[in-house]
Amino acid sequence: MAVALRLGALLLFLLPPVRAAEPSAEPAPEPMASAAGPAAPPETRAATRARPRSGPAPVTDVAKLCVCDLLVAQCDVNCCCDPDCSAADFSLFTTCSVPVVTGDSRFCSQKAAIYSLDVEANPPERIFKLIDQVNPSVFCIHTTNYKQALSFSSPEMPTSENFDQLLKQFGSASFSAEPDSWNMNTDAQNPSDTNETYRYKYGVPIQTVDAFLRLPSPVVSSWCSDANPAGFLLNQATKCIRSLSVEKCGNIEAVSMLFYINSSILAVPESNQVVNITVHSIVVQSLNGMRTLLNGSDVLRLPMILDELCINIVLGVSYHITYTDAGEIIEAAASFVLGAINKEARSIQQSFEISFTQVNTKPVPLSGNPGYVVGLPVRAGFRPQGSGIIQSTNKYSQLTILQSTSNQDCLAAQGARTPILFGYNMISGCKLRITAAMKCQPLTQTLLDLLKGQSFPEFVASFGNSQAQDVLDWVPITHLHISEQSSCQIPVSLEMEVKWTKYGSLVNPQARIVNVTATITTTTLKQLPSGRERTIPITSSVVFTDISSPAEPGYKAWPTINAKLPFDFFFPFV
C-alpha cells in the first residue's frame, strides 16, 4: 500500500502543470468521462454540435482601418485610431472624431472597432475594443464569394495581339463580367415560374431558336458587328461597312440572304412556338446604282461569282415584325437589297432596319418620340362608342386644313387638303361666288365640307408617338360656333387653336398637345336680286399657342422678403 502511494505521488510530480483554457473561436471538444467526475449530459453535447460555424475571415481588418488618418507620419487631432499618435497625444484629445469603425454594414456579422477616451484616468487615455457586430436585417450578406469585386483590377489594355479577343468579349451590346463559378444550371427552373405567361416587353431582345435576331451595327469603328440584338418595339436603322472581296464572297455568311432568314423567331420568350422569317421582296441593285424589283420573292439568291463579279450579295435588310397587344410575335418578314461588286472592291456598306406593326392596325408614321417635332404632321382620329382610337382615313391619319389653289375658286378647291404641321401657324382660303339661284341649306353644307373636309376628326394625339389603344393619350377637339341671329347662316371661316406645353425634363422637354379648339364663324346670307352676284372670302387658319411660356414682365413669380440678415450670418465664411 505504501509503495503504491509513493508511485502515485511520483507520477503526479512528473506530469506537467495544467494550464487554463484560452479563448478560441473554434468550439471546445466534448468533455470525456473520467474518474474525476461524470460525463457531460447529452443536451450539452447536442448544443455543442449544433453551434453554427463561423464565417470566413474578414477581408478588411477594421483594427487597422482609420478613415480620419489624413496626415502622413503625423498625429491627427482627435483621431483615436491614428497609429501615429502616442499615449501623450491621446491624453490631449477631447473626444474621438470616429468612435466606431466597421466594414461593409450589409454583412450579417462583422468586427467593429470601438474607440473611446477614459477622461477619469490621469492622464486621460484611449480605450480600444474589438467586438462582434450582428446585422438584424434578414437581407444581409453572409460571405463575399465574388472576390474580384473586393479590389479594383486594372483593365486589360488593347494590343495588336489581344484586340480580337477583347472585341469578341466586350464588342456586343451586352456582356457579363461575372466569373464562370457563378454560372448556374438554367435548366432547373423555379417551380413557381413554370406557369408564368411569357411575353415580349419593350426593349427586350427578340429571341430565336439559336440566340437572338441580329441587327448588325457598327461597334468602336464603322465595321459591322453581328452581335447587336434587335429589341422588341425598338425601330432601328443602322449602317456599317463589311470587309469583302470577290474571291471570298461565297464564304462570308453575313452577305448571304440565308444568314438573315435561316433562324426562326420565338413567338414569345422561352417557348417552343416559332415564327419563320419570310421574304417579302427582293430588289437588285446594279453597279451604277439602278434598282429593279424582282417579281418572285420566293427564290433564295445566294452569292456567286459571275464574270469576275460577285452577285447576289446583301446590301440591305429590312425586317418587319407584326405583333399582338399581348406581346406575341405572329409574323416576321424581311426585304432585301442585293447587289454586286467587282474585283477592285474590298468592302461594302450594308444598311439594316427593323419596324413593328400591331396586328389589325395600319402602320402610321410617328410625329415624334415621344413629343411632337416641329414641322411634322399633327395626328388625329376618331373614337367609336366603346372602342379605341381609329385614326383618320386621310393620308397618314393627319389633321388637315383647306389648301389654297391658284384660281382661288372655292368650288374648284373642294377636296384639296394639306396636313397641319406642328408649330407652324397656317392660313388658307378661297373666294366663293354667290348667285341668286343658290339655296341656303345646300350652300351651308357645301361650305362646311369645304372647311372641315369630308370627315373631320374628333381627337388629336397628345404626343407624337401616341398609340391608338391608349385612349387617354388622345385629346378631344372642342367645337365652338359663332353666329348671328338670322334665318340663313353660312360658315365663312374655321379657326383652330392648338395649345401645347413642354412636358418632362427641363434639359430635354417634349412637346405635348393639351387642348384643341375649332371655331366656326358664320355670317348672314342675304337674298340677292335676280341676276346679281356676290363674292365672299372663305378662310381657314390654325394657331399654335405655347401655354408653358414664362410669365409676362412685371409678374412676380416669387414673393420678396424685405428683411435684413445679421452681420455675422455667414460667419466664418465671407
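Start by selecting helix 4, residues 163–170, where you will find Phe163; helices here are DSSP runs of H or I with at least four residues, strands are E runs of at least two, and both are numbered from the N terminus. Phe163 counts as partly exposed, because its relative accessibility is 39% (buried is under 20%, exposed over 50%, partly exposed in between, with a 1.4 Å probe and protein chains only).

Before moving on, note that this is a predicted model, in which local features need pLDDT of at least 70, side-chain atom pairs count only at pLDDT 80 or more, and totals for chains, interfaces and linings use all residues. Residues are numbered from 1 along each chain as its sequence is written, and side-chain values use heavy atoms, leaving out hydrogens and water.

Next, select Val378, Leu399, Val460, Ile490, Ile513 and Ile538: within the largest nonpolar core, of 42 residues, they touch the most other members. Such a core joins buried Ala, Val, Leu, Ile, Met, Phe, Trp, Tyr and Cys residues through side-chain atoms within 4.5 Å. Elements that each supply at least two of its residues include helix 6 (440–452) and strand 22 (489–503). Strand 22 gives the most, with 6 residues.

Now zoom in on Ile538. Beyond four places in sequence, its contacts include Cys410, Leu447 and Val492 (contact means heavy atoms within 4.5 Å). For a second, separate core, of 32 residues, pick Phe232, Met257, Ile265 and Ile277, which are among its members.

Finally, colour by pLDDT, the predictor's confidence in each residue from 0 to 100. The protein's mean is 78, but residues 554–560 stay under 50 and have 0 contacts beyond four places in sequence.
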